[in-house]
Amino acid sequence: MNFSEASEMSQKVCDGLKQMGAEKGEVAAMFLPNCVEFPCVFSGVAKAGMAVTTMNPIYTSTEIARQLTMSKASWAFTNAQLLPVILEAISKVQNSKVDWKGRIIVVSNDASEPDDAMKKGSKLC
């Protein structure tokens, strides 16, 4: 991926978030491994005026739930392999006023990948 392609992907993330109803000042959690999409998502979220909280892919669902709570995240980016962990974490978040439906974005560089993720109500990016 060259700089031009990365910039384009970043803008698509920004535009997609805005179309989905994201607002400036909201927090997006990034639960992704080191991958080419990571900087594009990070900069796209920032372009949308949102804050980013990053989470290590080896965190447990309990650790993720704590970070989601402390950061007041209301959006999440993950991949198909990590999706079950973040879904479990969200179920552990207490007193959350966030309706997570449609706010978990599954990032994939393989369009054939996560059919299971789509069945759980997540969006592909």
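Predicted model: local features only at pLDDT ≥ 70, side-chain atom pairs only at ≥ 80, totals over all residues.
1. Lys-12 has a partner: it forms a salt bridge with Glu-8, and their closest N and O atoms are 3.5 Å apart. Both residues belong to helix α1 (residues 3-19), and because they are four residues apart there, about one helical turn separates them. Glu-8 is partly exposed, at a relative accessible area of 46%.

2. How many salt bridges does the count come to? The count is three. As a reminder, side chains of opposite charge can pair when their charged atoms come close.

3. Lys-92 is partly exposed at 34% relative accessibility, and Glu-88 is partly exposed with a relative accessible area of 41%.

4. Then have a look at Arg-103 and Glu-26, whose side chains meet in a salt bridge at 3.4 Å, N to O. This pair links distant parts of the chain: Arg-103 is in the loop between α4 and β4 (104-106), Glu-26 is in the loop between α1 and β1 (27-31), and the two are 77 residues apart. Is Glu-26 buried or exposed? With a relative accessible area of 18%, Glu-26 is buried, because the limit is under 20%.

5. Back to helix α4 (residues 83-92), this time for its buried residues: Leu-83, Ile-86, Ala-89 and Ile-90. Why do they end up on the same side of α4? Because they cover an arc of only 125 degrees around the axis.

6. You'll find it in helix α3 (residues 61-71), and at 17% relative accessible area it is buried. Setting aside neighbours within four places in sequence, Gln-67 is in contact with Thr-53, Thr-54, Met-55 and Tyr-59.

7. Now zoom out. The protein chain has five helices and five strands, and from the N terminus on they run α-β-α-β-α-β-α-β-α-β. Of its 125 residues, 42% are buried.

8. Two last numbers for the whole chain. Taking contacts between residues at least 6 apart in sequence, 72% join residues at least 24 apart.

Key. Residues numbered from 1 in each chain as written. Heavy atoms only, no water. Buried < 20%, exposed > 50% of the residue type's maximum accessible area, 1.4 Å probe, protein only. Arc of directions from axis to C-beta. Contact = heavy atoms within 4.5 Å. Salt bridge = Lys/Arg side-chain N within 4 Å of Asp/Glu carboxyl O.
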